Amino acid sequence: MTDSALAAASSQISAAQAGIPQIKAFFDEPTFTVTYVVHDPESLRAAIIDSVLDYDPASGRTSFSAADAVLGYVKEKGLSVDWHLETHAHADHLSAAPYLQQKLGGKIAIGEHIVTVQQTFGKLFNAGSDFERDGSDFDHLWKDGDRFRIGNLDVTVLHVPGHTPACIAYVIGDAVFVGDTMFMPDYGTARADFPGGDARTLYQSAMRLLSLPPETRLFMCHDYLPEGRKDYVWETTVEAERKANVHIHEGVSEDEFVVMREARDKTLAMPRLILPSVQVNMRAGHLPPAEDNGVTYLKIPVNAI
């Protein structure tokens with residue numbers, strides 16, 4: 001069966017040398033998250049990918065230092081932001097997309113399978129009937145193979161589930177923003193034990209990405225500084241991942257990967273911010289509505305996950 005979305009992405013990458021995007025990374029060390037500003041140098045149209053809202057779980061306070069760094073860069077470069085792109089509903093940080101949208105305009109977008117995440121976690125958090133589970137909190141929902149432009153830059157959307165059902169990768173010019181599907185070669189791949197995750201599906205998604213041309217640049221959503229490395233890094237290539245990814249390099253079978261991934265996932269603790277993050281990010285980064293006393297609350301389900 002022909003993978004038309006992957007074929008389109010591969011053709012786009014091969015033709016992208018004249019329109020390589022300008023990419024600026026912002027690393028948030030408290031959450032080990034990389035936010036990207038991607039722009040077309042000719043039109044100065046831009047997208048922000050996987051932004052971070054600062055959140056202190058001890059006090060319940062939000063702040064904007066990470067987002068303001070992005071905001072300052074966009075203004076300094078004179079960019080016009082068309083999109084706030086999420087690769088998935090993150091479990092390790094709160095999205096700053098609504099804050100940046102208020103300051104810069106643009107639309108907030110994620111993959112169409114966010115509705116599955118909303119249904120699952122809407123029940124977990126007992127979100128009630130006021131919480132629509134149809135993706136309407138977002139301005140746009142992408143389907144696998146969707147294509148759009150950021151200025152003169154071609155973009156192709158690839159659905160890459162496994163870590164979550166809604167994970168997508170954005171192929172922008174010759175660069176791919178992979179979300180949590182995989183990490184740098186010396187760290188491997190994402191966990192697959194969250195609700196709706198699946199190790200076998202994750203393998204298939206990673207192999208889909210690794211079917212792109214070897215020179216394709218891959219940009220990670222996180223880096224966790226594995227033992228033996230001194231500096232945080234987040235850019236690699238398809239070729240480097242094929243050769244050296246510690247979990248999914250060439251020669252690793254699907255069954256071997258599934259055994260490894262499921263055993264490893266059993267040893268992992270839940271992310272520190274999973275409960276506040278998911279109930280905000282399933283709402284496109286918006287906080288739950290304030291209650292009748294004017295205060296907004298985040299719920300902590302006990303013994304539920």
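User: Which elements do the buried residues of α4 pack against?

Analyst: This is a predicted model, in which local features need pLDDT of at least 70 and side-chain atom pairs count only at pLDDT 80 or more, while totals for chains, interfaces and linings use all residues. Residues are numbered from 1 along each chain as its sequence is written, and side-chain values use heavy atoms, without hydrogens and water. Helices (H or I, at least four residues) and strands (E, at least two) are DSSP runs numbered from the N terminus; buried means under 20% relative accessible area, exposed over 50% and partly exposed in between, with a 1.4 Å probe and protein chains only. By contacts (heavy atoms within 4.5 Å), the buried residues of α4 pack against β7 (107-111), β8 (140-142) and α8.

User: Within what arc do the buried residues of α4 fall?

Analyst: The buried residues of α4 are Ile114, Val117, Gln118, Phe121 and Gly122. They line one face of the helix, because seen down its axis (by directions from the axis to the C-beta atoms) they fall within an arc of 120°.

User: Which elements give two or more residues to the lining of the largest cavity?

Analyst: A cavity is a set of points on a 1 Å grid over the protein atoms alone where a 1.4 Å probe fits but cannot get out, and lining residues have an atom within 4 Å of a point. The largest cavity is lined by Ala89, Ala91, Val117, Phe121, Thr164, Phe194, Pro195, Ile274 and Val278. Two or more of these lining residues come from each of α4 (114-124) and α8 (274-281).

User: What is the volume of the second largest cavity?

Analyst: Grid points are joined across faces, edges and corners, and a volume is the space filled by probe spheres set on the points. For the second largest cavity, the volume is about 40 Å³.

User: How many charged residues are in the lining of the second largest cavity?

Analyst: Ala, Val, Leu, Ile, Met, Phe, Trp, Tyr, Cys and Pro count as nonpolar, Asp, Glu, Lys and Arg as charged, and the others, Gly among them, as polar. The lining of the largest cavity has 8 nonpolar, 1 polar and no charged residues. The second largest cavity is lined by Glu86, His88, Ser95, Ile110, Phe138, Asn281, Ala284 and Gly285. Its lining comprises 3 nonpolar residues, 4 polar and, as charged, 1.

User: How many residues apart in sequence are the parts that aspartate 144 and arginine 208 tie together?

Analyst: A salt bridge (a side-chain nitrogen of Lys or Arg within 4 Å of a carboxyl oxygen of Asp or Glu) joins aspartate 144 to arginine 208, with the closest N and O atoms 2.9 Å apart. Aspartate 144 lies in the loop between β8 and β9 (147-150) and arginine 208 in helix α5 (residues 199-209), so the sequence separation of the parts that they tie together is 64 residues.

User: Is aspartate 144 buried or partly exposed?

Analyst: Arginine 208, at 13% relative accessibility, counts as buried. Aspartate 144 has a relative accessibility of 39%, so it counts as partly exposed.

User: Which helix holds both arginine 261 and aspartate 265?

Analyst: The side chains of arginine 261 and aspartate 265 meet in a salt bridge, 2.7 Å from N to O. Arginine 261 is buried at 1% relative accessibility, and aspartate 265 is buried at 6%. They lie 4 residues apart, about one turn of the helix, in α7 (residues 254-265).

Notes:
1 Å grid on protein atoms, 1.4 Å probe; cavity = no way out; pocket = protein on both sides within 12 Å on 5 of 7 lines; lining within 4 Å.
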